[in-house]
Amino acid sequence: MERRRRMGTRKQVAESAGVSEATVSRVFNGVTPMKESTRRRVLEAAEALGYTPSVIAQRFARGVSGTIGVVLPYVPKVHLFSTYYFSEILSGIGEAVRDNGHDLLLLFRSPSEDTDYEPLYKSQKVDGCIMLGASDRPDERKALQALARSGHPFCLVNQHYEGEQWNEVDADHVDGSYRLVKHLLACGHRRIAFLNGQAAYSNSRDRLKGYRLALAEAGVAIDESLLLEGNYSRTSGFAAARSIAGLRGAVDAVFAGNDRMAIGLMQGLRELGVKPGVDIAIAGYDDSDASRLTDPPLTTVHVPFFEMGRIAAERLFACTGRTEEALPPEKLATELIVRQSTALARPREAD
């Protein structure tokens, strides 16, 4: 109560400094040039009276919201924040946003809805957006093109578009996939199936590129029948187990496009009497916490999702107010993590 009584108002500061309330606002908002003597007089009066301007009012005067939006896909019955991918990226974004004194607004969009991001900026709801889960849907590309034309800052994470030069942070999924398949080949495996995600995501296409490159370098013919598609969920990995088990005589290793699919695949294979890491080598991708807890522990590729989120937010802050060309895309390195799931004692001989 005593602290409240000592806090002055803008009107009292203006009276004490001998200026108008509008001048007090301009001093604290820094929106117009000001005589140094006037500015100093206002600040001294404010300090003496214990006056603290409203952060909301300051943001309004400057035409900014102080809020960064994160656009996330809305998928019914999917616990989005329990997934390693989204939780790590959001943690990295949150750290950078906090360090820059901003707030974070989560915005969910359904793939069935028309995509239009511009109203978020025009209403001053956000100063910029980070896009997670973006895909090659034509309406999404069109919406991002509209943002770019309007000069609204945004940053894509883990997605890139051919022919577009936008602010984006990605990982080198071609190299990550390439290194993983090279490891499987070095272990003696030649019949390597690939359970990938949807081709609408650039990271799926990048992993497929790395897979093909590694096999081609090794002189191993690519069997299109060994290319399977899931949706990055554990359930889709579990469902793929029946197809993999049916190819048991023709497959000695499976590379799954993320750890969730790999874990679901391992569970499904066990139910069908196929022992992962014993009868067939299994590898995942992401290096999630769960990959260390599987039986056997899962060979995978580490992707620096936390760093990707942090860098995306920092790049977004750097782009705000820029009039020159956009920042060049940033691509982070991945790392092969070898565990027991690919170390079969006796891989079958190639035909």
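**Aromatic pairs in the model**

Tyr-84 has a relative accessibility of 17%. Buried means under 20%, so Tyr-84 counts as buried. The model is a predicted one.

Now to the rings. Searching the whole structure turns up nine aromatic pairs. One of them joins Tyr-84 to Phe-305. Their ring centres are 6.3 Å apart. Their planes meet at 70°. An angle over 60 degrees counts as edge-to-face, so that is the label for this pair.

Where do the two partners sit in the chain? Tyr-84 belongs to helix H6, which covers residues 84-99. Phe-305 belongs to helix H13, residues 305-319.

A second pair has another geometry. The rings of Phe-194 and Tyr-211 have centres 5.0 Å apart, and their planes lie at 25°. Planes under 30 degrees apart count as stacked, so this pair is stacked. Phe-194 is in strand S6 (residues 192-196), while Tyr-211 is in helix H10 (residues 202-217). The pair therefore ties together parts 17 residues apart in sequence. Both Phe-194 and Tyr-211 are buried.

Go back to Tyr-84 and Phe-305. Ring pairs also bring in Tyr-85 and Phe-86, and these four residues form a cluster.

What sits over the ring of Tyr-285? The charged end of Arg-207 does, 4.6 Å from the ring centre.

Note on methods:
Residues are numbered from 1 along each chain as its sequence is written. This is a predicted model: local features need pLDDT of at least 70, side-chain atom pairs count only at pLDDT 80 or more; totals for chains, interfaces and linings use all residues. Side-chain values use heavy atoms; hydrogens and water are left out. Rings of Phe, Tyr and Trp (its six-membered ring) pair if their centres lie within 6.5 Å; planes under 30 degrees apart count as stacked, over 60 as edge-to-face and the rest as tilted. Helices (H or I, at least four residues) and strands (E, at least two) are DSSP runs, numbered from the N terminus. Buried means under 20% relative accessible area, exposed over 50%, partly exposed in between (1.4 Å probe, protein chains only). A charge sits over a ring if NZ of Lys or CZ of Arg is within 6 Å of the ring centre and within 35 degrees of the ring normal.
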